[in-house]
Amino acid sequence: MTTVPGFGASPSDPFGDLDDPAAGDPATIREIAGLHRASAARWNANAHAFAAAEVWFDGDQAEAVDAVEAQATHLAPPLQTLSDSHSSAAAALEVFAAAIDDIAGRSGRLRADVDSSLADIARTREALGDLGGGRLPYLTELHPSSSLYDWPAGPPLLPAYLIDQAVRDGTLTAADVTALHAGVRRWRALLGTIDTCRASYAALSDTRASANDACAAALENTPLNAAVTAARAGAPPVSEEAAVASWLALSPTLFTATYATDPDAAICALETATPDVVASIWATLPAAFIAALISRNPAAVGNLEGARYRDRNTANVARLTGEHDATVRQIAERSEVGGAALLKERLRVLDYLIETYGDGRAAQRLPPEFLVRLDTTPPGEPYVVVTIGDPGTASNTGTVVSGMGSGSADIKTYRSNFSKIVKDADDSAVLLSFNYRTPSADLSVLTPNFAIAGAPRLGRELDGLRAVQRAITGSRSVLIGHSYGATTSAAVLAQDSHGVDAFAAVGPAGFLAGTTLSELHISPDNVFVAIAKKDPWASPGQTWSGRINPTSDDWGAVRFGTEGTRLADGTTLLSTTGHDFVEGSAQEGSRSYTAPGTESARNIAHILAGDPDRLTPGSATYPHPLWGTTPDVIEPPIKDKDPQQRFLAPAQDRRLLNDPS
């Protein structure tokens, strides 16, 4: 998996992309263990009372007490077993609480070490930023107060000729240069310390998982009525996601009985379960119970991975008018951060969703079209996922991940082009995913941060699809990423397969540096890539960011054609002549990668349908002539009007500050 070195997903929190191994409340767990101890004592007393009664009955020869004696003989052992079960549960919970306390102490010490390193990095950045009396932009932008420095992995690769020039003109002294080299080395050493702490912190998650598994295994022997009591009280014995999943997966039929009169608790339990557990439970729920959940909390059901897509659509459609009216009120009050402009962006998307899905007819079309995610928490355009076809019944489902400068405002043009692709791919559906913040069409596309932040959202979306597809024999999941969406998709697959069977990177802006084909957790024969030779943006995105070009010969993916060709049956396929995935934002006269009649659109349909033998071949693609040859310096330039002048020098002077020695 490729991450920002030393920081994971967030420069401000190096542990932000890792699970908290100390999550949970040991005090509550011990309190529940105490309840189990009390129950054990009570049932133990009852068992002894019945055992004593049995002895007393044995001493009385009266026939009238024979039936009571038989009952006592029958009840004493089960009551003792019940007492022993409570004692075992209490012991397991006490051990579990102690394990969490130990993990919390160790994780706290690691956080303290990281906080100290971060503070030291801030001091180092400040010292470097002050060198030369604050007269060198490429140093002053290292200062923590600067908003322009956007590379948490350490100082950028600065050309040595700039340093030499600063010494010649007197801006930097020899002592300044020595301090600069020392600061860079110190910065990198601190990042190494943070990396070590991250590894130790991640290892604690394995320790916590072992503790979870041991406790859950012990609790499976707890009587069923105890599990129901704990669940209805809203306090499962372990209190965390693993425990909820353990109880519900053990007995999905228990769910309806447990939460029949408490839909709020039902939704809470489902939101803490894995998509696989949600899917197994959802398949057993009566229609009336599902309707009650949707009525109670449509937002939760509409975004619940693992729930049936048609039910998620029903929930989200029910929300549209309310979300629209709330946004209109916010615009009038200007009560949201970002003011009316961002709210109007959201309103335009909601207007389109109401027009397209609001009357329910989209779900009745052939193929049906569902609104399966509606998240209005981000400013501006909401996060939205819609389908063409039903992923719950189709043999092949593609998840289409949008790229640079795209968002839910583009749904209309995506629907138009992918409706044709779905039609051409037999027994298929697509999820059009606008479910993460994409970079704008500016230098922000060079940073990996959007991909790293968007990967968990996409990963859970793919897990939800996999959970639903388990009920479909021979089903396939195909991930289709365009531009920066391909960058994000590859970042997800570098972590786990998430059930993906094939991956198509279309006009990719590059994969995170260091990513290899073998890291993508799927068969190399099922990784497909293409960049049109007239695409002016994909290759520069790779060049300036330092990301991998997956169409290169040595990377090893299967390349498909985009340049137009004539098939054996005489069919003429058109070329792709721009970077866009769909029409709309494309220049007049240019053709997108999914424009009907193009070679690339036909190949995407074959990848979706699982027909790789019908692909037309492609070739490696290198920078568009507009951008010249690939420069030696591959780090993203600091934002400036002329980034090439800022970092590039004659080839003989491109010695970088990577190795101060």
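Modeller: Threonine 515 is buried, at 4% relative accessible area. Buried means under 20% relative accessible area, exposed over 50%, and partly exposed in between, with a 1.4 Å probe and protein chains only. This is a predicted model: local features need pLDDT of at least 70 and side-chain atom pairs count only at pLDDT 80 or more, while totals for chains, interfaces and linings use all residues. Residues are numbered from 1 along each chain as its sequence is written, and side-chain values use heavy atoms, leaving out hydrogens and water.

Biologist: Where is threonine 515 found?

Modeller: Threonine 515 is in the loop between β6 (502-506) and β7 (527-530); strands are DSSP runs of E, at least two residues, numbered from the N terminus. Its side chain reaches the backbone oxygen of leucine 512 at 2.6 Å.

Biologist: How should I read a nonpolar core, and which residues touch the most other members of the largest one?

Modeller: In soluble globular proteins, nonpolar side chains tend to be buried together. A nonpolar core is a set of buried Ala, Val, Leu, Ile, Met, Phe, Trp, Tyr and Cys residues joined through side-chain atoms within 4.5 Å. The largest here has 43 residues, and Leu353, Phe418, Leu432 and Phe581 touch the most other members. A second, separate core of 27 residues includes Ala486 and Phe511.

Biologist: How many disulfides does a search of the whole structure find?

Modeller: A disulfide is a covalent bond between the sulfur atoms of two cysteines. With a cut-off of 2.5 Å between the sulfur atoms, the search finds zero. Cysteine 197 is buried at 6% relative accessible area, whereas cysteine 268 is partly exposed at 45%.

How values were computed: Helix = DSSP H or I, 4+ residues; strand = E, 2+ residues; numbered from the N terminus. Polar contact = N/O pair within 3.5 Å; in protein donor to acceptor, adjacent residues only side chain to side chain.
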